[in-house]
Amino acid sequence: MINPYDDTYFMRKALEEAEAAYEKGEIPVGVVVVINDRIIAKGHNLTETLNDVTAHAEMQAITAAASFLGGKYLKDCTMYITLEPCQMCAGALYWSQISKIVFAAEDSTRGYRKNGVQLHPKTKVTTGILEEEASTLLKRFFIEKRNLN
Ligand SMILES: [Zn+2]
């Protein structure tokens, strides 16, 4: 039997969050946090809505997941993110000691890898799941934003 709860399944859920951000005029980045095939936290970028530069999807989902688990470490959790985390979020993920992250699109300028940030040694990384879909949404957002100005 095929397990329907694979990386693609959960990345689709993260993409739904990114679309929710897009609808609000936010840079479309979405996240879900999963433990034992169950989503325990989700979030999308809200920096404009909240006037808060730290309101990245990952930051909110880390807080929500820790609150759900009743502990600060995200042991046995996987975070699905539609875009490579930035330095700030990678730093927060480091502190969370999360077991695994999966991200869709690369961020060649603001991504943590470009900026030499290390994740926690316990954290596994998978990349490129639904990369095309996630990049297309981001590109659409920036093209439309440019045309408005
Ligand atoms: Zn970030």
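## Reading a predicted fold: helices, sheet and core

Trainee: Let me start with helix 3: which of its residues are buried?

Mentor: In helix 3, the buried residues are Cys 89, Ala 90, Gly 91, Ala 92, Leu 93 and Ser 96. Buried means under 20% relative accessible area, exposed means over 50%, and partly exposed lies in between, with a 1.4 Å probe and protein chains only. Helices (H or I, at least four residues) and strands (E, at least two) are DSSP runs, numbered from the N terminus. This is a predicted model, in which local features need pLDDT of at least 70 and side-chain atom pairs count only at pLDDT 80 or more, while totals for chains, interfaces and linings use all residues. Residues are numbered from 1 along each chain as its sequence is written, and side-chain values use heavy atoms, leaving out hydrogens and water.

Trainee: What do the buried residues of helix 3 pack against?

Mentor: They pack against helix 2, strand 3 and strand 4; contact here means heavy atoms within 4.5 Å. Just after helix 3, look at Gln 97, which takes a positive phi of about 55°.

Trainee: Now the sheet. In what order do the five strands lie?

Mentor: Here is the general idea: strands of a sheet pair through backbone hydrogen bonds, either parallel or antiparallel. In this model the order is 2-1-3-4-5, in an open sheet with mixed pairing; two strands pair if DSSP finds at least two bridges between them. Strand 2 (38-44) and strand 5 (124-127) are the edge strands, each pairing on one side only. Neighbouring strands are turned by 15° against each other on average, direction ignored. For such angles, axes are lines fitted to C-alpha atoms (for helices, over the stretch in contact), and values run from 0 to 180 degrees between N-to-C directions.

Trainee: Which pairs are parallel or antiparallel, and how many bridges join strand 1 to strand 2?

Mentor: Strand 1 and strand 2 run antiparallel and are joined by six bridges, with Val 32 partnered by Lys 42 in strand 2. These two strands form a hairpin with two residues between them, and Asn 36 in the turn has a positive phi of about 50°. Strand 3 and strand 4 are parallel, over five bridges; there, Met 79 stands opposite Ile 101. Strand 4 (residues 100-105) also pairs in the parallel sense with strand 5, over four bridges, and Val 102 faces Thr 126 in strand 5.

Trainee: Which strands does helix 2 touch?

Mentor: Helix 2 (residues 57-69) packs on the sheet, touching strand 1 (30-35), strand 2 and strand 3 (78-83), and its direction makes about 145° with that of strand 2. Helix 4 (residues 131-148) also packs on the sheet, touching strand 3 and strand 4, at about 60° to the direction of strand 4.

Trainee: Which residues have the most contacts inside the largest nonpolar core?

Mentor: A nonpolar core is a set of buried Ala, Val, Leu, Ile, Met, Phe, Trp, Tyr and Cys residues joined through side-chain atoms within 4.5 Å. The largest one has 38 residues, and those with the most contacts inside it are Met 11, Val 33, Met 79, Tyr 80, Ile 81, Leu 93 and Ile 101. At least two residues of this core come from each of helix 1, strand 1, strand 2, helix 2, strand 3, helix 3 (87-96), strand 4 and helix 4. Beyond its neighbours within four places in sequence, Tyr 80 is in contact with residues including Phe 10, Met 11, Val 32 and Val 102. Five of the six residues of strand 4 are buried, so strand 4 is largely enclosed by the rest of the structure.

Trainee: Where is Val 29, and is it buried or exposed?

Mentor: Val 29 is in the loop between helix 1 and strand 1, and it counts as buried at 9% relative accessibility. Leaving aside neighbours within four places in sequence, its contacts include Ala 18, His 44, Ile 81 and Leu 138.
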